[in-house]
Amino acid sequence: MNLISNVLYWISTGLLVPVIVLLIFFFIRALILIGTFFGQYMQEKKTSARIYSHIDSLSPETLPEFASKLPKKSNSLMIGYASRIIENAQNAPKIDLLLSEYEIAADKNIATSKVLTKMGPILGLMGTLIPMGPALVGLAQGDIASMAYNMQVAFATTVVGLTVSAIGFLTQQVKERWAVKNLTVLEFVAEVVKQSATKGSLETANN
């Protein structure tokens, strides 16, 4: 039994360095995410000003005017897929495929935030519990300096893990709201495009 306990202790102690390294990595990744998130916020704001103001008046009759206002080159996922949907007006299955592709692309954009949200607390908890063993051993042996050091490591990993998780959670919530809003707009554009294509086909048939 002692052998098994010692093996588990060695394994958990050996995981401390990888956990700390991963925490530092995810913390740096969270800082980078903040910078990219600000860029995406400015882009979404620009997209809202350019696109959403014309959505209420969008109809099969105003579709050409709406299409002409879409920028030819844009880093916005929503604008890019809106242009592709309009270009494939005569291909309804392709439009449905594009909507599905947008959902996948939007989910990929949120993936980093999801990983930070989940991995932050996991690594933080591991980084808290692992040093507690050596800290208790130091306390039992009267080595206050060793106990204090291990407790310092435990508290530091907790704080860093929660910080990483908080950044991931906040960015995830905002990005998910953007994705749902943009998907709703794209679905509306797709319906208008399909109506326009159907109307054009009927007019052609009547002529």
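**Close-up views of aromatic pairs and nonpolar cores**

**View 1. The stacked pair of Phe37 and Trp178.** Phe37 and Trp178 are both buried in this predicted model. Phe37 belongs to helix 2 (residues 16-55) and Trp178 to helix 7 (residues 144-206).

**View 2. The edge-to-face pair of Phe25 and Phe26.** The structure holds three aromatic pairs. In the one formed by Phe25 and Phe26, the ring centres are 5.4 Å apart and the planes stand at 65°, which makes the pair edge-to-face. Phe26 has a relative accessible area of 12% and is therefore buried, whereas Phe25, at 48% relative accessibility, is partly exposed.

**View 3. The largest nonpolar core, of 27 residues.** The residues that touch the most other members are Ile51, Ile55, Phe66, Ile85, Leu186 and Val189. Two or more residues come from each of helix 2, helix 3 (63-68), helix 4 (77-87), helix 5 (92-129) and helix 7. Helix 7 contributes the most, with eight residues.

**View 4. Surroundings of Ile55.** Ile55 is in contact with Phe66, Val185, Phe188 and Val189, when neighbours within four places in sequence are left aside. Ile55, Phe66 and Val189 are among the residues of the largest core that touch the most other members.

**View 5. Another core, of 12 residues.** This core lies apart from the largest one, and its residues include Leu16, Leu23, Leu116 and Ile130.

Key
Residues are numbered from 1 along each chain as its sequence is written. This is a predicted model: local features need pLDDT of at least 70, side-chain atom pairs count only at pLDDT 80 or more; totals for chains, interfaces and linings use all residues. Side-chain values use heavy atoms; hydrogens and water are left out. Rings of Phe, Tyr and Trp (its six-membered ring) pair if their centres lie within 6.5 Å; planes under 30 degrees apart count as stacked, over 60 as edge-to-face and the rest as tilted. Buried means under 20% relative accessible area, exposed over 50%, partly exposed in between (1.4 Å probe, protein chains only). Helices (H or I, at least four residues) and strands (E, at least two) are DSSP runs, numbered from the N terminus. A nonpolar core is a set of buried Ala, Val, Leu, Ile, Met, Phe, Trp, Tyr and Cys residues joined through side-chain atoms within 4.5 Å. Contact means heavy atoms within 4.5 Å.
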